[in-house]
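Please read it alongside the sequence and coordinates.

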Amino acid sequence: MGLRGEAAIVGIAEWKPERRPTAPPIFTLEQWAQLTREALDDAGIDPSEVDGICATNIRESDSFVPSTITEYLGIQVNFAEVVDLGGASCAAMVWRAAAAIELGLCNVVVIAAPSWPSPRPPNPPSGPSSWRYGASSANYGSPQAEFDIPYGNVAQNCGYAQIAMKYGAEYGYDPEALAKIAVDQRVSANHNPPAVFHNVPITVEDVLNSPMIADPIHMLEIVMPCSGGAAIVVAGKDVARRSKHRPAWISGFGERVLHKTPTYAKDLLSTALIPAADQAFDMAGRSRDEVDLISVYDCYTITVLMTIEDAGFCPRGEGQPFVREHDLSFRGDFPCNTHGGQLGFGQAGLAGGMSHITEGARQVMRRGGDHQVRDADVAFITGNGGLMSEQVALILEGD
Amino acid sequence: MAADTPQRPVPTPIDRTRPFWDGLRERKVRIQYSPSSDTWVFYPRSHAPLTLADDLEWRDISGEGTLYTYTIARRPTAPDFAGDEPQIIAVVELDEGPRLTSTLVNVDEDKISVGMRVRPVFEDIPGSETTLLRYEPAP
C-alpha cells in the first residue's frame, strides 16, 4: 500500500516571517500568484506545466476556492484540492499531491499557504469576528459554542496546557526538559537569517522565567504569530529529474484525524500521530534510526515532546530524559526543527506548518546554508492540527 | 472569580440539547444513554457516537466525577473572559464515563490535582435563562 516515492518536492518559496509586517497587505489571490511564480522559478518549471493545486481557504471567496485560484492564475488543472486540517493542512496537501501524481492525474502540483495580511474592506461588516475564539466555532448549533466556549475552553493555549498537565500527571513533568526544546531550536534559529528570532539566543532560565500563560506552559514555549507565506512545487519523476535542485522524494505518509476538542478525546495521551507515523515509516520502508533530521510541528514545546515519543524515536513517557540527553540543534545528535521551528522561525499562519516541510525539503536538497545538517538524506516531518488530534507524518528522501 | 455577566458567551440551546440545560436549571445533571450499546453520551447528540444508534434517552445522574485534566489560564483565553483570570478550566470525567468541559470553583490552586473527586456546582447566569455546570472538590 502507498506511495512508490516517485513524486518529489522540487521548488520552494518562503517569505521571511515578520511580527509587524513591513510591506502593505496583499490579497490572498495575489499572494497565490506571487508565491506560485517564486516556487516555480526556484524549481525551473514553467507555469504552463502546472496541472494541479492544493489550497486552503482564501479571503476572497468562502467556497469554490480552487476554481477561483485557477481562474486568477490562468491555469487549468486535473487535480484541485482544498484541505481543512489546521496546522496539518500543508503536510496533508503534500501527500495528496504525491498520490495524485503517482495515480497519473497530474504532473506538477503547486501547494501554497499565503499568510500575509489582506487589505480590509472599506466598509467592514459589523459583528464579532469568526476568529474571536481561535479555532473554536461559535456558530449556532456548534457543540463548542454550547459546551466549551461558555466555560472559557477556547483557542489553543488552554487545550495544549490541559494536554501538558495530563502528561505530567501520567509521566511526571520536567519543566527544564521542555524549556530545553525551545532553547535548542533557538540555536538553529540563530543560524537561519529569515527566522523571526534570528540572533536572539535564550537559556532554559529565560524560558522558565517568562510569564506563565496557562499552567504549565510559559510564554517562551508558545509560537509567535507572524505574517508570511510559503509555497512548494511537487512534481513527478520526469519533471523532478530536470528541475534545478536535488529532488526531495516523498516516500511515505500517514494521516489520522480524531476529535476537535481535547475534552472529548478517547485518550488525551494517545495522539493521532502514533498510527500516522507508523504508516509513514512502513510505507517508506525506513526505520527510525535512518532519519537524519526531524522537522515536526511545534506550536508548543509539549507538542515536540509528545511528537518525539509518538513518532517512535523514544518510548512513550521517556521523552523528557531523551531531550535532556540529546542536542536538538542542527549540529546536534538529534537535529529537530533545524530552521528554528515555529518557536524560533515564527508562525505565519498556515505557512508556519509549511515551514516544517520547506525545511525538511531544503535539508534533503542540501540547501540548508548555515544550518545544513551534514549528509541529510532522510527527513521526518509532521503536521499537527487542532489539539494534537489531526496528524500527518511525511518522509522525504534524497536520491 | 468575577461573576459572569451577559457579556460572557452563553450557550444557545438547540432543541436536541435543551433537556440538559433544563436539567441544570432544576439542579440536576441529565445526560443521554444508549441502551443498545449500554453507553452514556456527552455532549448531547442525535445518534450515539460510534454505533450511530438512534435510541438515545435522557437520564439523571449524580454529576460527580474525577478531574481528568485542567489548566490555570493566567491570561484570558479570549477577550470575553477578561477579568476572570485565573480561569481554572477543567475536563471532568463523569462516573458514567463521558467527559465534559467545566471550570473549578471553591478551590485553592495548590489543592488541585488530576484524579481528584469533584462534584457539581450549579451557577445561574444573571440576565439569562442559563445555568452553567461548574465543579468543586468533593469532600
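## Helix 6 of chain A

In this predicted model, the buried residues of helix 6 of chain A are A:Leu178, A:Ala179, A:Lys180, A:Ile181, A:Ala182, A:Val183, A:Asp184, A:Gln185, A:Arg186, A:Val187, A:Ser188 and A:Ala189. Helix 6 of chain A, which spans residues 175-189, is thus mostly covered, with 12 of its 15 residues buried.

From its first C-alpha to its last, helix 6 of chain A reaches 21 Å, which is close to the 21 Å expected at 1.5 Å a residue. The partners against which the buried residues of this helix pack are helix 7 (204-209), helix 10 (301-310), helix 11 (319-325) and helix 12 (341-345) of chain A.

## The open sheet of chain A

In chain A, 9 strands form an open sheet with mixed pairing, and their order is 3-2-4-7-1-8-11-10-9. Strand 3 (79-82) and strand 9 (293-295) of chain A are the edge strands, each of which pairs on one side only. From one strand to the next, the twist averages 20 degrees.

## The nonpolar core

The largest nonpolar core has 167 residues, and those with the most contacts inside it are A:Val94, A:Ile111, A:Val234 and A:Leu394. Helix 3 (residues 89-102) of chain A gives the most to this core, contributing 10 residues.

If residues up to four places away in sequence are left out of the count, A:Ile111 touches A:Cys54, A:Cys90, A:Met93, A:Val94, A:Ala97, A:Ala231, A:Ile232 and A:Val234.

## The contact between chains A and B

Chain A provides 33 residues to the contact and chain B provides 30 residues. On the side of chain B that touches chain A, the elements that give two or more residues are strand 4 (65-73), strand 5 (87-94) and strand 6 (99-103) of chain B. By residue class, this side of chain B divides into 16 nonpolar, 10 polar and 4 charged residues.

Conventions:
Residues numbered from 1 in each chain as written. Chains lettered and ligands numbered in written order. Predicted model: local features only at pLDDT ≥ 70, side-chain atom pairs only at ≥ 80, totals over all residues. Contact = placed C-beta atoms within 7 Å. Helix = DSSP H or I, 4+ residues; strand = E, 2+ residues; numbered from the N terminus. Nonpolar A, V, L, I, M, F, W, Y, C, P; charged D, E, K, R; others polar. Pairing = 2+ DSSP bridges. Axes fitted to C-alpha atoms, helices over the stretch in contact; angles between N-to-C directions. Core = buried A, V, L, I, M, F, W, Y, C linked by C-beta atoms within 7 Å. Buried ≥ 20, exposed ≤ 12 C-beta atoms within 10 Å, placed from the backbone. Expected span 1.5 Å × (residues − 1).
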